[in-house]
Structures are given as structure tokens and as C-alpha cells.
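Okay, everyone, let's get the model up on the screen.

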Amino acid sequence: MFIGLIKKLNRKLIAIKSPSENLNSKEGLVMNNKILGNQGEQAATDFLLSQGYHICARNFLVPLGEIDIVVRQGKLLVFVEVKTRRSLRYGTPAAAVNYYKQQKIIKVAQCFLRQQHLAIDCCCRFDVIEVLLKNDDKFSINHIKDAFEA
């Protein structure tokens, strides 16, 4: 089922020539959001590297879900959820990381720890990075450390 979904999604992505040509279509909006999300994750990664973090994984995916970025700073392991938005019309990006999303991230983090043979009680933190596309097409980044606890 998952492979079929990916094939279907790939066919839709191939059919979209450019985001601006399809802004009024549902597929175009999805593609635009995907591009924006990828750009936001890259901006967040660049930001974390500039702050001295070391990237352990990006887009860590298991059947339960995905963690956008896993970084290490010294002995501290940080699981980062990146939320990118064009505006604050529907609230802050971090507001989208509700209780259910947090629980999902925690479960995926436990999978990461098991897969990497790390102790479940190792020193971990859960952060959210808000990425907001400004009018000048540059990103504004807000790093919320310890955004929630396991």
C-alpha cells in the first residue's frame, strides 16, 4: 500500500511542470507546500549547523512516522520537528505540533534510539524550529528548545 501511494504521488509530481503554473490546482498547492517544506528543512539544517550541532539524520522514517532532523550537541541528542509557513494566518508554525504530533515524534524517537543501539534514557531533547517565509523570500527562523517532553 505504501509503495503504491509513493508511485501515485510521484506521478502527480511529474505531471506538475512548475509551481506557478498550477497555483490554482490542488496538486499545484500540494507541490508548492512540499517544496516550501523542503526549503524550510534545509534552512533549519543550515541554522543548526551554524549553531554547532552535528547532523545525525534527516527525515528519519519508520512506519510510525518521521522525524525531520536528529542532531547531536556534545552528549545531548536532539529530535527536531521543523514547521514551515508562508504566514501566521493560521497561527504560529509551532502550534501545529499538538499533543498527538508530539506523542508520535516521541515514539519515532524511541525507534531511532533502538535502531542506533542507544539507551532509551539517554540525554534527549525535543525541539521545534519554526521557519517563516518573509516577503523578501528569505526565511526567519525561531528555534524553540525543549518545546515538549517525553
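Predicted model: local features only at pLDDT ≥ 70, side-chain atom pairs only at ≥ 80, totals over all residues.

Residues are numbered from 1 along each chain as its sequence is written, and side-chain values use heavy atoms, with hydrogens and water left out.

Back to that pair. K83 counts as buried because its relative accessibility is 16%, and E81 does too, at 4%. For burial, I'm using under 20% relative accessible area as buried, over 50% as exposed and partly exposed in between, with a 1.4 Å probe and protein chains only.

What else does E81 pair with? K101: their side chains form a salt bridge at 3.7 Å, N to O. That one links distant parts of the chain, with K101 in helix 3 and E81 in strand 3, 20 residues apart. K101 itself is partly exposed, at 24% relative accessible area. Through shared partners, E81, K83 and K101 end up in one network.

The count comes to 3 salt bridges by this rule. Another of them joins D127 and R125, whose closest N and O atoms are 2.8 Å apart, and both of those residues are buried.

**The overall layout**

Zooming out, we've got 3 helices and 5 strands, in the order α-α-β-β-β-α-β-β from the N terminus. Those are DSSP runs, H or I of at least four residues for helices and E of at least two for strands, numbered from the N terminus. Of the 150 residues, 34% are buried. Take the contacts between residues at least 6 apart in sequence, and 50% of them join residues at least 24 apart; contact here means heavy atoms within 4.5 Å.

**The largest pocket**

Now the largest pocket, which holds about 670 Å³ of space. On a 1 Å grid over the protein atoms alone, a pocket is an open set of points where a 1.4 Å probe fits, with protein on both sides within 12 Å along at least five of seven lines, and lining residues have an atom within 4 Å of a point. The volume is the space filled by probe spheres set on the points.

There are 21 lining residues, and K34, E41, E66, D68 and K101 lie nearest the centre. Which element gives the largest share of the lining? Helix 2, with 6 residues. By class, the lining has 6 nonpolar, 6 polar and 9 charged residues.

E41 is the one I'd like us to look at. This residue sits in helix 2 and is buried, yet has no salt bridge: R58, the nearest side chain of opposite charge, is 4.5 Å away. Beyond its neighbours within four places in sequence, E41 contacts R58, N59, D68, I69, V82 and T84.

**Two positive phi values**

Last bit. H117 has phi near 55°, positive in a residue other than glycine, and lies in the loop between helix 3 and strand 4. H117 is exposed, at 73% relative accessible area. D137 isn't a glycine either, with phi about 65°, and is found in the loop between strand 4 and strand 5. D137 is exposed as well, at 59%.

How values were computed
Nonpolar A, V, L, I, M, F, W, Y, C, P; charged D, E, K, R; others polar. Lys, Arg positive; Asp, Glu negative; His and termini not counted. Salt bridge = Lys/Arg side-chain N within 4 Å of Asp/Glu carboxyl O.
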